Amino acid sequence: MASGTALIYDEEMTRYKLLWVDPICKIEVPERLVVSYAALQKAGLTQRCVALPVREATDEDILLAHSTEYLEAVKKTPYMTLEELMTFAVPYGDVYFHPNIYHCAKLAIGATLNLVDAVMTGKVRNGIALVRPPGHHSQRSTANGFCIFNNVAIGTLYAKKKYNVRRVLIVDWDIHHGQGLQYCFEEDPDVLYFSWHRYEHQKFWPNLRESDYDSVGKGRGAGFNINLPWNKVGMDSNDYLSVFFHVLLPVAYEFNPELVMLSAGFDSAIGDPEGEMCATPEIFGHLTHLLMSLAGGRLCAVLEGGYNLTSLPQSVCQTVQTLLGDPVSRISGLSSPSKSALESIQSVRSVHQQYWACFKHVAAKPGYEPHTKHSKLEAGQDGLQPGEETKEISWPEPLLRLPPPTRTAVALPAGLEDSVPESCKRVTETLLTPEEAAEKLGNLNIQDLKNKDLLQSLGNVQSLVDKIEKKQVRNGLLLVPDLRKTLAFAVQHALISLTDRVLLVFLGNEAPVEVRVDGKLMLVQFCSTEPHEPKSKHHIPVMMKGFGDVPGFLHAVLTLLLPLAYGYDPGLILVAMGKGSGMGVAAWTQLTSLLQGLAEGQMLVLMQQGDEEETIRTTAASLLGEPAQSLGTLGDPLPESMDAVEKLRLKLETQWGLLQTRGQNLPREPECLEQRKEEVDP
Ligand SMILES: [Zn+2]
């Protein structure tokens, strides 16, 4: 299994800049790269990455996505006078040239291709290329929006050609629409392009009709182009996460990519003069984490935009730390997406319903019409005028993300010690006395607690919960002789010793614990028999038609469990699989991998002794940060599972706002937008 994170950077790409006065282009400055790299150095991240060199792209590389005429024209720019460069740029719009930009543009492609090579050959698992100029606006014969050549398009075509990669997912979280990427792949069913972008009903640059949600791809590529337009500014982490849970991730898993290319523009972060959004840099750690269980972890991030010289380097650091496997910061206070975001989410899900099984259940709006009003273009009316300064917005500096000294501790019965990787720390603790155990398992007869193996496992649980709380250990795996008793004990011990909330995810039919009403414990229970009516809103049984329904289970994890868990924001996660649940290894490790984005990765997995060695080994590997196994091609989920999940989601969405997918209920204006309005009109 490949490991390691590549970092590709070369100072040479800082050696071009705007040479004339241009209020639009003035934000694309060399300092963008300088501050990003310096922040990585300061955080000690550069030396933890595998440094890879850049190279100059060849003509052959460039011609993968561009025309000969255009390449030949750009080749002349190093010899042009200032005046000639200005004239050359005019027909393209929102782009500038410099005698050294052709050289840098070739390095930006070469950096991308070296990253693709390193990931595809298994030299590293993932990586990031910090490049200038960016690429996603560049088209076959056109420079555009600070972009000369389309780095990610070329990287994608190169991976398909050289490595025969069959399906590539491109995630473009830059705040502008990467129309160059859309044009390049809109007829290609092997490349799924996802972009979210500030749109404001076509009033925001590049003001294209085809950036709206109803551009779904053409011909055989229909369904493989997903545009999520932001029709208001001020979107925050609620909005970004909701789009991942309810649009991108379900489709991405169904698409089953072999490689993920990330157009990593950070103008979607707070403080950016272009985006005017409100998502703090920590969100990029989460978005990155949520993509890392796809494609066996093969992820190539390539810098696009990002113009606030504070939030850009912070966001780059968050992304790189997650690629390296550091625990992801908690995001507290999540509530629900804004009304405008929900309208966009609903529109995308409806229009893509015919292409993706994960959206089959989505009710079309009555008398469904594209909702976006294409009003007469008045560019800049709502946003900033070119050259207008953005208001000073401040946000707290992201907290340090320090991993505990031990990543994974395991307690396994004799004979199974060798079934997990060497790097897992073994724990063997002293037995609890039956009296100590009975104290936390109040209703049990002490005679039931005399089993030595049980007392040993209770001691292990107690010790591991304590070590996780003290941040000595990040996560743990226990194989226990009596899952129900050990789990009940683990919950009691955690509730007594932690001040924080505990999330228990349980796969099995009998709820292992009683959930109290104080909200300190949330139990999400996947079961295959009709559950008893829960006594607390924090006990959520999810009825599945058997755990063999992998697409149905995944749908429940992505669109129900993750939104609930993010809304609940636990400090510790307990995950337990009852015996004979029938859950496949791949689906199980997807669950354990995805959940590690919560609670700073503090998680304890309990399994019944007697589970197969393969399950134990892959669970330990997942806790150590190895990418989850691919789920392969998913069939259609069973209608019964989908119905159950959807009913539950609708029932719970008023309490848990991240479950919402429709625009008509629970309006919430983006908050920092409101604040800004107040600042303008006191
Ligand atoms: Zn951008």
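How many residues does helix α10 have, and what does α10 reach from its first C-alpha to its last? I started there, in a predicted model. Helix α10 runs over residues 311-324 and has 14 residues. Its end-to-end C-alpha reach is 20 Å, close to the 20 Å expected at 1.5 Å a residue. I then checked its cover. Of the 14 residues in α10, 13 are buried, and the helix is mostly covered. Next I looked past its end. Gly-325 follows α10, and its phi is positive, near 95°.

**Domains**

Domain 1 is 5-18 + 25-329 + 337-359, and domain 2 is 406-659. I took the C-alpha centres of domain 1 and domain 2; they lie 36 Å apart. Then I looked at what touches. On the domain 1 side, 26 residues are in contact with 31 residues of domain 2. About 2,300 Å² is buried between the two domains, and carbon and sulfur atoms give 59% of that area. I asked for salt bridges between domain 1 and domain 2 and got a count of 0. The polar contacts between them came to 12 residue pairs. Which elements give two or more residues to the side of domain 1 that touches domain 2? They are α8 (237-255) and α9 (282-291). The largest share is from α8, with 9 residues.

**Salt bridges**

I searched the whole structure and found 28 salt bridges. I opened three of them.

Lys-106 and Glu-56 meet through their side chains at 3.5 Å, N to O. Lys-106 sits in helix α5, Glu-56 in the loop between β2 and α2, and 50 residues separate them. Is Lys-106 buried or exposed? Lys-106 counts as buried because its relative accessibility is 12%, under the 20% cut-off. Glu-56, at 36%, counts as partly exposed.

Glu-258 and Arg-166 form a salt bridge at 2.7 Å, N to O. I placed Glu-258 in the loop between α8 and β7, and Arg-166 in the loop between α6 and β4, 92 residues apart. Glu-258 has 16% relative accessibility, so I logged Glu-258 as buried. Arg-166 is exposed, with a relative accessible area of 53%.

Glu-600 pairs with Lys-471, and their closest N and O atoms are 2.9 Å apart. Glu-600 is in the loop between α16 and β16, Lys-471 in the loop between α13 and β11, 129 residues apart. Both came up partly exposed: Glu-600 at 30%, Lys-471 at 39%.

I closed with shared partners. Arg-330, Asp-500, Arg-501 and Asp-569 are joined into one network of salt bridges.

Terms used
Residues are numbered from 1 along each chain as its sequence is written. This is a predicted model: local features need pLDDT of at least 70, side-chain atom pairs count only at pLDDT 80 or more; totals for chains, interfaces and linings use all residues. Side-chain values use heavy atoms; hydrogens and water are left out. Helices (H or I, at least four residues) and strands (E, at least two) are DSSP runs, numbered from the N terminus. The expected span of a helix is 1.5 Å times one less than its number of residues. Buried means under 20% relative accessible area, exposed over 50%, partly exposed in between (1.4 Å probe, protein chains only). Domain bounds come from an automatic or database domain assignment. Contact means heavy atoms within 4.5 Å. Buried area is the accessible area (1.4 Å probe) that two parts lose on being put together, summed over both. A salt bridge is a side-chain nitrogen of Lys or Arg within 4 Å of a carboxyl oxygen of Asp or Glu. A polar contact is a pair of N or O atoms within 3.5 Å; within protein, one must be able to donate a hydrogen and the other to accept it, and residues adjacent in sequence count only if both atoms are side-chain atoms.
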